[in-house]
Amino acid sequence: MKNISVITTIMFLCASFVEAQQLNVIQVKGNRAIVEVQTGEKLKVGESYAVGKVDGEVSLDPVAAGKGSRNYLVGLSLVLSNTKADTAGAQSNILIDTTASFGWNKKQYEYGPIVSLRYTKTGSTSTDTTFGIGGFGTYNFQPNIIGTDLIFSGDADFTYNSISSETLGIKSSSNSMEMNVGPFAKWYGISDDHCIRGGVVFAWEKASGGGNSVTTTGVKAVVGISTYF
């Protein structure tokens with residue numbers, strides 16, 4: 001069935017259209033297949049069709065030219081977190097973190113570069129502005145292909161960050177390494193090309209500056225949206 005998305009020869013086509021269709025594979029050779037469509041609209045040679053399931057039966061939806069490949073992605077994520085450093089007297093930090101990504105979708109795997117911008121304020125005495133650059137990797141438990149609307153995955157990302165800080169009017173700079181790992185879900189309820197992505201990750205960050213090193217750990221809730229093309 002995996003080769004049905006590339007259909008070059010169609011036999012026994014029926015004229016009436018219904019949403020759910022039944023396909024019988026007659027012959028498979030390489031990435032070509034001869035199939036029998038028992039019910040459904042007449043298919044057209046050269047057109048692309050998204051193959052999915054409706055009530056347990058195969059459904060076909062025409063895909064516009066240049067749409068629906070899911071070969072590449074552009075994403076934007078929002079992170080809300082509550083973390084605490086491993087130093088005496090440290091305060092909890094609440095932050096908002098935005099991350100933009102571009103990637104390649106290899107169906108079972110996705111990967112690519114990311115950039116992030118974060119602003120943190122601790123109490124009324126300290127602010128941090130952080131710019132980061134790095135990469136991400138995703139393992140999809142279901143192949144990310146047209147027709148699959150809900151995909152669960154394991155995600156990880158790593159960034160190198162440049163940090164500008166101001167505490168009681170005194171400015172300083174530092175850098176850090178950051179890693180986030182956790183389970184995610186992608187839901188294509190908007191369309192076959194757009195998904196809402198959400199997950200919960202374990203976060204680790206090690207910051208260095210002024211001869212000191214501070215490690216921060218915690219849990220983050222991540223929500224974002226991605227466009228595939």
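Student: Which residue forms a salt bridge with Glu205?
Tutor: This is a predicted model, so treat each distance as a computed value. The general idea comes first. Side chains of opposite charge can pair when their charged atoms come close. Here the partner of Glu205 is Arg118, and their closest N and O atoms are 3.1 Å apart. Glu205 belongs to strand 12 and Arg118 to strand 8, so the link spans distant parts of the chain, 87 residues apart.

Student: Are Glu205 and Arg118 buried or exposed?
Tutor: Glu205 is buried, and Arg118 is buried too.

Student: Which residues make up the network of salt bridges around this pair?
Tutor: Asp97, Arg118, Glu178, Glu205 and Lys220 are linked in it. Take Lys220, which lies in strand 13. Its relative accessibility is 5%, which counts as buried. The side chain of Lys220 makes a polar contact of 2.6 Å with the side chain of Glu178. A second polar contact, at 3.4 Å, joins the side chains of Lys220 and Asn180. Lys220 also touches residues that include Val79, Asp97, Arg118 and Val201.

Student: How many salt bridges does a search of the whole structure find?
Tutor: The search finds 7. One of them joins Arg70 and Asp192, with the closest N and O atoms 4.0 Å apart. Arg70 sits in the loop between strand 5 and strand 6, while Asp192 sits in the loop between strand 11 and strand 12. These two residues are 122 residues apart.

Student: What is the relative accessibility of each partner in that pair?
Tutor: Arg70 has 0% and counts as buried. Asp192 has 29% and is partly exposed.

Student: Where do Lys186 and Glu110 lie?
Tutor: Their side chains meet in a salt bridge, 3.6 Å from N to O. Lys186 lies in strand 11 and Glu110 in strand 8, so the pair ties together parts that are 76 residues apart in sequence. Lys186 and Glu110 are both buried.

Student: How many bridges join strand 8 to strand 9?
Tutor: There are 14, and the two strands run antiparallel. Ile114 stands opposite Gly134 in strand 9. The hairpin of strand 8 and strand 9 has 3 residues between the strands, and Gly123 in the turn has a positive phi of about 60°. On the strand 7 side, strand 7 and strand 8 pair in the antiparallel sense over 9 bridges. Ser101 stands opposite Ile114 in strand 8. Lys107 takes a positive phi near 75° in the hairpin of strand 7 and strand 8.

Student: How many aromatic pairs does a search of the whole structure find?
Tutor: It finds 7. In one, the rings of Tyr72 and Phe102 have centres 6.3 Å apart and planes at 15°, so the pair is stacked. Tyr72 is in strand 6 and Phe102 in strand 7, so the pair ties together parts 30 residues apart in sequence. Tyr72 is partly exposed at 34%, and Phe102 is partly exposed at 31%.

Student: Which residues form one aromatic cluster?
Tutor: Tyr72, Phe102, Trp104, Tyr111 and Phe229. Phe229 lies in the segment after strand 13. Its relative accessible area is 39%, so Phe229 is partly exposed. Phe229 touches several residues, among them Ser69, Arg70, Tyr72 and Phe102.

Student: Which ring does the charged end of Arg70 sit over?
Tutor: The ring of Tyr188, 3.6 Å from its centre. Likewise, Arg197 lies over the face of Phe184, at 4.0 Å from the ring centre.

Methods: Residues are numbered from 1 along each chain as its sequence is written. This is a predicted model: local features need pLDDT of at least 70, side-chain atom pairs count only at pLDDT 80 or more; totals for chains, interfaces and linings use all residues. Side-chain values use heavy atoms; hydrogens and water are left out. Rings of Phe, Tyr and Trp (its six-membered ring) pair if their centres lie within 6.5 Å; planes under 30 degrees apart count as stacked, over 60 as edge-to-face and the rest as tilted. Helices (H or I, at least four residues) and strands (E, at least two) are DSSP runs, numbered from the N terminus. Buried means under 20% relative accessible area, exposed over 50%, partly exposed in between (1.4 Å probe, protein chains only). A charge sits over a ring if NZ of Lys or CZ of Arg is within 6 Å of the ring centre and within 35 degrees of the ring normal. Contact means heavy atoms within 4.5 Å. Two strands pair if DSSP finds at least two bridges between them. A polar contact is a pair of N or O atoms within 3.5 Å; within protein, one must be able to donate a hydrogen and the other to accept it, and residues adjacent in sequence count only if both atoms are side-chain atoms. Lists of a residue's contacts leave out its neighbours within four places in sequence.
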